Amino acid sequence: MQFNPKECDVDDGQLDAAGEEMLNLVARISGMSGDMEAHFNNSAKEFSELIAEDIRSTASDNQGAWGDALTACWHIFGVCKKWSGEVDRYRQNIRGLQEEWDAAVSSNFGYTDPDDVGILTSQAAKAEALTTQANTYWETLEGQAEDNTSNIEGGPTIANLRELIDAGVLGFAIYNSTRQLMYYPSTEGNGEEHAEDLLEYVEGDKEPDAHYYHLLAQLSIINGLALDGQRNGNELRPDQIDYLEEFYTSLEENSEDGTVTGVIDLINQSETLDGERDELTEALGGGILALSDGNLGGGYDRLPESVRMVAEGPSDYWIPDAKSSRTSEEDAANTHWRINAELLGDLLQSAPNLEGQPMQGGIAFSAHTTVTISEFLENDTDGEGIYSEQLAPLLDVSTRNPEANAVLLTGETTNGNEYVHPNHGSVELSDTLENLYTYDWHDNGATVAQLTDWIPEYSDSDDPEQRTLAGESTSKLVEALTEDNELYLRLVGVEMEENDGVLAAVNEDEPKISFTELNPELAASFFEVYHNYIEDFGGTTDGVYEYNTDREHLNLPVDARVKFMQYIAGDEESAVRMIAATEGHQMMNLSFDNLDPESPSTAGSENGTLQAILDSALQNEAMNRTANADEAAESTAERQRKAAMFITEVALGVAKVPASTTPGSAVGAEILAASIKDGVQADVDANIKAEIGDFAEAKGNGFTSEQDARLNASLHLIRELVESEDSDLTVSDIDDLALTEANDGSPRVASGVHEVYSRDLSTVDSRIDSNLKENDIILNPSEIDEDPSADPVTIGADEFIETYTRNHREQYDYITEQNRARTPQEIIDMVAR
């Protein structure tokens, strides 16, 4: 038996050459000459020391871009150097084994007699032992090859760069290039001792020196890996979590007042840390969030007690030694908790971010903190938002974690158990939301809107679990805000008073402010939720307040949909977006791709439902806000006019594209897409504005008539027929009354009744009807049912419109009759039914 180890055919010369090329690039980027590896890698330097003097000013102005370019070069250099070293190490190891084999062969495997029968046995044993060792080296090399491939393919992420730094391949190069402490080449130390050492600097006993920066680097390294882990689903190493737990426990125990928040206060007051405060608070804030995150290996129970006490709310923990009456104790607890909550919020706000994505807290920490803030606000009897700027930073951190927000909205933890707050026990979602949503936030509710801002992204996710989480959270959100009628009235600003055991409104005839008018960013967030579930808002329901995971369908009662959309209408821009998106979806429902040939009534029913809910919501919001029927009609008409202008603008934009590439359904799709973008603006031709102005005036009552519904549907179908390959209908066949001008002056089919309202609508209707009678709609069921064997279905366009209009009217009349207020008092009467 012989020793024949595997040969490594990697050309380490090419690896070294590639690494050398990266060093040449570093030299070109920095404008420096000489030994680049020594210049960047051997010690910490200021950024200006790395760059040649003649380009230093330009590089400093674009330090981020320069740093990114240098980091990319050092990343590739590091992988090449590491891989080259590992290949060389493998070959050295194999050479050592080969030398050992050669020595054994030359010594006759320890036998003096060359004919000794024991030689073969010894030879086989030696060969087997060396081969086993060689195979171990080979498997190590294969693993290293896979790691290096993953590292280079993954790019210069925090984890990939830290791997090269911790391996000793890269020293200070990345830190020098980025000035980010997470890349400082220091990973050793004891958390307890480091906290004690840091306190010496915080308390002013020492001024920042090299050891101080090593302490910050240790936290920053872990924070960087935590950021990477939160993005990519990786845990921190157990020793890193242990380090954080030891560090913050020691920091708390050795601080002057026994709290982490007390340390924050000292940092804020420190004169010796003036120039270091931002980096220090970033490191400390990030460490707490990393430690709180169970997905990183941490958890709520591993946080220091003083941080948990902020998350859990005012209690005896916060009451000073001097106590008098119970009332003063409660006041003291509230005051001290608020002060510490502000300190903690500011610290956690300083935590690092990765490419603009801020660091998150763990699920339990985030959920507990959000509920605690809500409970505190309930006890703020002033109710004038005086604590808004103090508590918003902590609320911003606590509402960053989508899974924590879902726990609050669904009432279930990630393992399916009921959510229970440490101090308040079982939580009533409606109470939590009322406290948070009705507070007068200085940022118009942008921070508290994060409770729902995540839902659209999750509802569109490729991950079915995320889609389910979004659907279930939405159903519970709508239920919490709409099922309790007394809460609904409070949310829209109706003040109730009890007389002889009977609740009665005391301001029904006065203008009111709803919570979404007070905090319009909530309306914007709710609109995006509506936008993502718009099909379900117009569809049928097979349940009440639930998300059907099999159908991926949101089931909501009609009156709940009206109330939720009324909340959206509390903000004018969100209302305009909602009107436009609804019109866009109705167009999509009438596109040939979406029509169901087996049920021509479906489009009419769904569009009738959506239109009825929309009109009811707009009317109820305006009637409640103004407490005046005429003013409500005027307000609603103005919002419809703005939406009509927006729809026309989109239609004009689509019309710029050649007709063969823009089916009629493209208008609806574009309206839906555009309505979600920031800054809904409309800039349309003066003659179109005139038409739309007449539209707003004529539609002043806010109702959608049967004629409106029929004309809208007819115009959509005509446009579909003009663009359909299966139809011979052209724009020249359409009566001028149904046409308007594109930007280039060419005729186009009106995008909706709003563009022809100044004309004799009865005549428009009859002229379009003649086109409909002469044309059929050819539908392909295979595109809907995914059945390639299904034959095309032909239906008369006029027949479809009749069925559509009938079903639209039935749904519209039924829903508006039950849910639309005609006087301020009717809003109250409807919920009392």
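**View 1. Val-756 sits in a loop between strand 10 and helix 34.** The strand spans 747-749 and the helix 761-773. Helices (H or I, at least four residues) and strands (E, at least two) are DSSP runs, numbered from the N terminus. This is a predicted model, in which local features need pLDDT of at least 70 and side-chain atom pairs count only at pLDDT 80 or more, while totals for chains, interfaces and linings use all residues. Residues are numbered from 1 along each chain as its sequence is written, and side-chain values use heavy atoms, with hydrogens and water left out. Val-756 has a relative accessible area of 0%, so Val-756 is buried. Buried means under 20% relative accessible area, exposed over 50%, and partly exposed in between (1.4 Å probe, protein chains only). Thr-740 is 16 residues away from Val-756 along the chain. The C-alpha atoms of these two residues are 8.1 Å apart.

**View 2. His-75 is a buried residue of helix 5.** The helix covers residues 63-106. His-75 counts as buried because its relative accessibility is 2%. Contact here means heavy atoms within 4.5 Å. Leaving aside residues up to four places away in sequence, His-75 touches Asn-151, Ile-152, Gly-155, Pro-156, Asn-160, Leu-161 and Leu-164.

**View 3. Glu-86 and Lys-82 form a salt bridge within helix 5.** A salt bridge is a side-chain nitrogen of Lys or Arg within 4 Å of a carboxyl oxygen of Asp or Glu. Side chains of opposite charge can pair when their charged atoms come close. In this pair, the closest N and O atoms are 2.9 Å apart. Are the two partners buried or exposed? Glu-86 is buried, at 6% relative accessible area. Lys-82 is buried too, at 11%.

**View 4. Glu-638 and Arg-641 form a salt bridge within helix 30.** This helix runs over residues 629-655. The closest N and O atoms of the pair lie 2.7 Å apart. Glu-638 is partly exposed, with a relative accessible area of 30%. Arg-641 also counts as partly exposed, at 23%.

**View 5. Asp-274 forms a salt bridge with Arg-277.** Their closest N and O atoms are 3.1 Å apart. Arg-277 has a relative accessible area of 19%, so this residue is buried. The structure holds 27 salt bridges.

**View 6. Five residues are linked in a network of salt bridges.** They are Arg-710, Asp-765, Asp-769, Lys-773 and Glu-802.

**View 7. The second largest cavity holds about 50 Å³ of space.** On a 1 Å grid over the protein atoms alone, a cavity is a set of points where a 1.4 Å probe fits but cannot get out; lining residues have an atom within 4 Å of a point. Points are joined across faces, edges and corners, and a volume is the space filled by probe spheres set on them. The count comes to two cavities of 30 Å³ or more. Lining the second largest cavity are Val-492, Lys-512, Ser-514, Thr-516, Glu-517, Gln-566, Tyr-567, Glu-621, Asn-624 and Arg-625. Helix 24 (515-518), helix 27 (558-568) and helix 29 (601-626) each give two or more residues to this lining. Helix 29 gives the most, with three residues.

Terms used
1 Å grid on protein atoms, 1.4 Å probe; cavity = no way out; pocket = protein on both sides within 12 Å on 5 of 7 lines; lining within 4 Å.
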